[in-house]
Amino acid sequence: MVDDNIKQNITKLEKYAKENKIPIMQKEGIKFLINYIEKNEIKNILEIGTAIGYSAICMALVNPKIKVTTIERDEERYLEAIKNIKLFNLENRITLIFNDALNTKIEGKYDLIFFDAAKAQNINFFNHFEENLASNGTIITDNIFFHGYTYMDPQEIESKNIRAIARKIREYVDFLNDKKNYVTEIKKIGDGVAVTERVQ
Ligand code: SAH
Ligand code: MG
């Protein structure tokens, strides 16, 4: 059966990600995304951070009307994503862009923009892609908890690099909460998911 085939291929991607340490979205997070897309009848999705295409594929599989545009700057992952999108026959509904997102100018409006790339860049992603958000659109950001580091006492974090990323994520959450025309909710799902809905 077709459905079994899809499930098998999804499992294959999850296994590949685990073996190659590709930080794909956690199961719980994917479930939430899929649910959100269904409930809000999302049609056009822009994703920042494709990796091997796992989340883009999961989102596109919600229903045949969905179109996903996704950006990845790592060549090896981008090439893997091309292969995977072909495996699911989703070439017509997933557009892959190989570039740094902040150097990519996107045309058009999206019901949902999903940030799942460099954790310290979220404010820049927001400012860069806000013009691509539909008037009633939503921005969803993954990894808000950053494995628990975000709200840990900075003195307890040994790595300077991790401390800096944690601070950037806290700044991003403040930035979201300060936005007058958006309402943000941080969901305790997976590694933490921020749901930022535009209010008219
Ligand atoms: N969304 C994927 C996982 C993405 S992992 C999934 O759940 O299946 C994050 C990816 O973002 C990495 O592959 C990394 O190379 C990419 N990335 C980080 N910063 C980026 C940027 N500025 N532009 C494009 N891709 C970026
Ligand atoms: Mg993530």
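In which elements of the protein is confidence lowest and highest? In this predicted model, helix α1 (residues 2-19) has the lowest confidence, with a mean of 94, and strand β1 (residues 44-48) the highest, at 99. The score here is pLDDT, the predictor's confidence in each residue, from 0 to 100; helices (H or I, at least four residues) and strands (E, at least two) are DSSP runs, numbered from the N terminus. Across the protein the average pLDDT is 97, and 99% of the residues score at least 70.

On to the ligand. There are 21 residues around ligand 1 (a heavy atom within 4 Å), and Met25, Ser55, Glu72, Arg77 and Asp116 come nearest. As for polar contacts (N or O pairs within 3.5 Å), a nitrogen atom of ligand 1 lies 2.8 Å from an N or O atom in the Asp116 side chain. Backbone polar atoms also take part: a ligand nitrogen is 2.8 Å from one in Gly49, and a ligand nitrogen is 3.3 Å from one in Arg73. The protein covers 94% of the 590 Å² of accessible area that ligand 1 has on its own (Shrake-Rupley, 1.4 Å probe).

Residues are numbered from 1 along each chain as its sequence is written, and ligands are numbered from 1 in the order in which they are written. Local features need pLDDT of at least 70, side-chain atom pairs count only at 80 or more, and side-chain values use heavy atoms, without hydrogens or water.

Methods: Polar contact = N/O pair within 3.5 Å; in protein donor to acceptor, adjacent residues only side chain to side chain.
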